[in-house]
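Hi there,

Here is the structure I promised to pass on to you. Have a look at it first, and then read my notes below.

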Amino acid sequence: MRIILFGSPGVGKGTQAKILSEKQNIPHISTGDILRNAVKEKTELGIKAAEIMNKGELVPDNIMIGIIREVLMTEDCKNGFILDGFPRTVVQAKALDALFEELNIKDAVLVHITADENEIIKRLNGRRACKICGAIFSLKEIEGLTTCPKCSSENSFYLRDDDKEDVIRKRLKVYQTNTMPVLDYYLSKNRAITVNGLGTIEEVNENILNKLTEKVLNSI
Ligand code: AMP
């Protein structure tokens, strides 16, 4: 199964990708996580990306395409993958198609998760990341906790710079302008499905799997 999870920042792509990755036993590839790791490691890419990410802007296409190319070529991705955060521009979508052709991949489906903008601002501003392992939690999940449930680090929760309200608004604007056209690109090729992102994590996940099954059955 090759899935491209698509939707505005904060719509729940990361959460859904993790569940799908476990259920289907295929890797979850988050370009945001790859970049955040590079920032943490202070690599050349990380130093360049940090400034762009903190402003809520997009890292240049050629860099992102190079990263995805390297990852999708690995043995791990041979039997399927879940892309989370890529493609974010039509240039990236076209480059991904060229890569799919090279790798003889014909079954990739874009899953568009929708949600209301106010709900998204509330969600992003109300989430915290662990500065040690990068895991993300809602304030409710970590209420009263001083250690990270994933890596047990003490007092490691923080509000990501790009989850502050002014940067969120910028990210949503970039999404509307640069990223939404990617959806039209996939719709025009009949390779997209839409799922309502409101509801419990399990409900959204079930909807995604049902719609994906329907899509695969219809294309046989
Ligand atoms: P995310 O965690 O997916 O919301 O990504 C966090 C940030 O990383 C974004 O706001 C961008 O600055 C950058 N980023 C992630 N994926 C991409 C991409 N495919 N193209 C350009 N920038 C990206």
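These notes go through the sheets and then the ligand.

Please keep in mind that this is a predicted model, in which local features need pLDDT of at least 70, side-chain atom pairs count only at pLDDT 80 or more, and totals for chains, interfaces and linings use all residues. Residues are numbered from 1 along each chain as its sequence is written, and side-chain values use heavy atoms, with hydrogens and water left out.

Let's start with the open sheet of five strands, whose order is β2-β3-β1-β4-β8 with parallel pairing. Strands here are DSSP runs (E, at least two residues), helices are runs of H or I with at least four residues, and both are numbered from the N terminus. Two strands pair if DSSP finds at least two bridges between them. At the edges are β2 (28-30) and β8 (192-196), each pairing on one side only. Inside this sheet, β1 (residues 2-6) and β3 (residues 81-84) run parallel and are joined by four bridges; Ile 4 stands opposite Leu 83 in β3.

Another open sheet has three strands in the order β6-β5-β7, with antiparallel pairing. There, Cys 130 has Phe 157 in β7 as its bridge partner.

Now the ligand! Helix α2 (residues 31-41) gives the most to its shell, with four residues.

Happy exploring!
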